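Please look over the chain shown here before reading the notes.

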Amino acid sequence: MSNPQQLRYSKEHEWLTAAEDGVSTVGITEFAANALGDVVYVQLPEVGDTVTAGETCGELESTKSVSDLYAPVSGEVTAVNQDVADDPSLVNTAPFEGGWLFKVRVSDEPGDLLSADEYTEFAGN
């Protein structure tokens, strides 16, 4: 399992793109998707919601369990991935591409985000 080098990662297993015009894309890692199993439902924040780094902002439900979704940064949600809401299995089949979850206009970024190599070591994969 490889983690794209251009992304940054949280210890809660979310990934984050570099900000373009202040907006970053958020998803969960392949490691998290595999640990969850088949994702059957996603509850995402709504456009306009404010999320806070390290706090719950949604849920992912799989055939195995329900897992909280955490915001890796603070800011305002600018978009949600309707494709994932309609077909939650995208989280499993394309966690780094079509399975992204939401976009956020970053207002604050914690200093503990990990590089791809650091995340790989942290996750033990």
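The points below cover the overall fold, the sheet, the salt bridge and the database annotation.

The model is predicted. Its chain has four helices and nine strands, and a search of the whole structure finds one salt bridge.

**Overall fold**
- Starting at the N terminus, the elements follow the order β-β-β-α-β-β-β-β-β-α-α-β-α.
- Along the principal axes, the C-alpha atoms occupy a box of roughly 35 × 30 × 20 Å.
- Buried residues make up 43% of the 125 in the chain.
- The accessible surface is about 6200 Å², and carbon and sulfur atoms contribute 43% of that area.
- Among contacts in the chain with a separation of 6 or more, 61% join residues 24 or more positions apart.

**The sheet**
- An open sheet is built from six strands, arranged β1-β2-β3-β9-β8-β5, with antiparallel pairing.
- The edges are taken by β1 (8-9) and β5 (50-51); each has a single partner strand, so one side of each has no neighbour in the sheet.
- Within this sheet, β8 (residues 74-80) pairs with β9 (residues 102-108) in the antiparallel sense, over six bridges.
- In that pairing, serine 74 is placed opposite aspartate 108 of β9.

- Side chains of opposite charge can pair when their charged atoms come close.
- The partners here are glutamate 109 and arginine 8, whose closest N and O atoms are 2.3 Å apart.
- Arginine 8 belongs to strand β1 and glutamate 109 to the loop between β9 and α4 (116-123), so the pair ties together parts that are 101 residues apart in sequence.

**Database annotation**
- An unreviewed UniProt entry lists residues 23-105 as "domain: Lipoyl-binding".
- In the model, the end C-alpha atoms of residues 23-105 are 4 Å apart.
- This span is 43% strand and 19% helix.

How values were computed:
Residues are numbered from 1 along each chain as its sequence is written. This is a predicted model: local features need pLDDT of at least 70, side-chain atom pairs count only at pLDDT 80 or more; totals for chains, interfaces and linings use all residues. Side-chain values use heavy atoms; hydrogens and water are left out. Two strands pair if DSSP finds at least two bridges between them. Helices (H or I, at least four residues) and strands (E, at least two) are DSSP runs, numbered from the N terminus. A salt bridge is a side-chain nitrogen of Lys or Arg within 4 Å of a carboxyl oxygen of Asp or Glu. UniProt positions are given in the numbering used here, feature names are shortened, and annotations may be inferred rather than shown by experiment. Buried means under 20% relative accessible area, exposed over 50%, partly exposed in between (1.4 Å probe, protein chains only). Contact means heavy atoms within 4.5 Å. Accessible areas come from the Shrake-Rupley method with a 1.4 Å probe; for residues, only the protein chains shown count as cover.
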